[in-house]
Amino acid sequence: MRLTFGLILWAGLVPGLPVTAALAQSAPADTIVITGDLPGHEREQAQSYLKALGIVVGEQQASRWFDPICPRAIGLSRENSAIVERQIREIIREVGAPLAKEGCTPNFAVSFTDGPERVVRRILKSGGVPNSVDARALEQTEAPVRWWYHTEFRTRDGTPAADLPNVGAAMEGNNVTMLPIGRLGNLSLYGSSLTSTQAVRAIRSATVVIDVRRAEGVRLKSIVDYATLVGLAEIKLRASPTGSILSLFRQDGERRLTRRDYAFLTALYRMPMDRQTDQQRRALLTAMTDAKSSN
């Protein structure tokens, strides 16, 4: 397995001249260069960003981690695995997501391999990919990175369901409900709140597979930023919004987590999750816009 991109990871990236500074230097002495977004433009960009991620689109609530996250890098040397896991842990702390202590049982795997199709097929055969995932797209994509999640419904405070038979009843308003959540059972929910849905969508585990052949030449630090973003939020496969680390493999793509990426993750882990999709959308947009305005 070749890990050329991993060897140049920590080569001491020297920051280049900021674009605004370059513009200012090349402009005539009597020219004023003004940078920034027009009023309302940032909110439009945030809307496009969320739509590209597949977050709070349609009627499906956003999901996030409630259990402490335990990252594990697979397929690298012990030294490089430790570097990757350290970087992931630092980002988790920065955005306010729950983090497990060292020595924990992994629930967020980042696998580096030169045979991703083989890895995915093996996991598919073992039942390690949920039925809700498009297995064909996952196996046949030519993208350098592919990922999937196991999610479930939980009570509003993140408590898992009891292991009960699945009766398949649907949620009905804010009254007593039985939510089908697959093999983990059902949630019995009680409440009369006009705002709370009484239930949240939780990420139980996440798997990210890196194709080292297609990612060759890309700095490992950038790859880990990418993997961490898709591991911390339920993002649709092949998402590549402008102004995000997820544009990494485009010619003009970003090379690190952007302010918008951080603003999104921070907002996701701060907002109440027991809300209807449109309320979650407004909360994310407001928080991301406010974060941009305060910079």
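A salt bridge is a side-chain nitrogen of Lys or Arg within 4 Å of a carboxyl oxygen of Asp or Glu. This is a predicted model, where local features need pLDDT of at least 70, side-chain atom pairs count only at pLDDT 80 or more, and totals for chains, interfaces and linings use all residues. Residues are numbered from 1 along each chain as its sequence is written, and side-chain values use heavy atoms, with hydrogens and water left out.

**View 1. Glu-117 pairs up with Arg-214.** Their closest N and O atoms sit 3.5 Å apart. Glu-117 is in helix α5 (residues 116-125) and Arg-214 is in the loop between β7 and α7, so this pair ties together parts that are 97 residues apart in sequence. (Helices, H or I, at least four residues, and strands, E, at least two, are DSSP runs numbered from the N terminus.)

**View 2. Arg-214 also meets Asp-211.** Here the N to O distance is 2.6 Å. Asp-211 is buried, at 0% relative accessibility, while Arg-214 is partly exposed at 33%. (Buried means under 20% relative accessible area, exposed over 50%, partly exposed in between, with a 1.4 Å probe and protein chains only.) Shared partners link Glu-117, Arg-146, Asp-211, Arg-213 and Arg-214 into one network.

**View 3. Phe-264 sits in the largest nonpolar core.** Such a core is a set of buried Ala, Val, Leu, Ile, Met, Phe, Trp, Tyr and Cys residues joined through side-chain atoms within 4.5 Å. Of its 57 residues, Ile-235 and Phe-264 touch the most other members. Helix α7 gives the largest share, eight residues.
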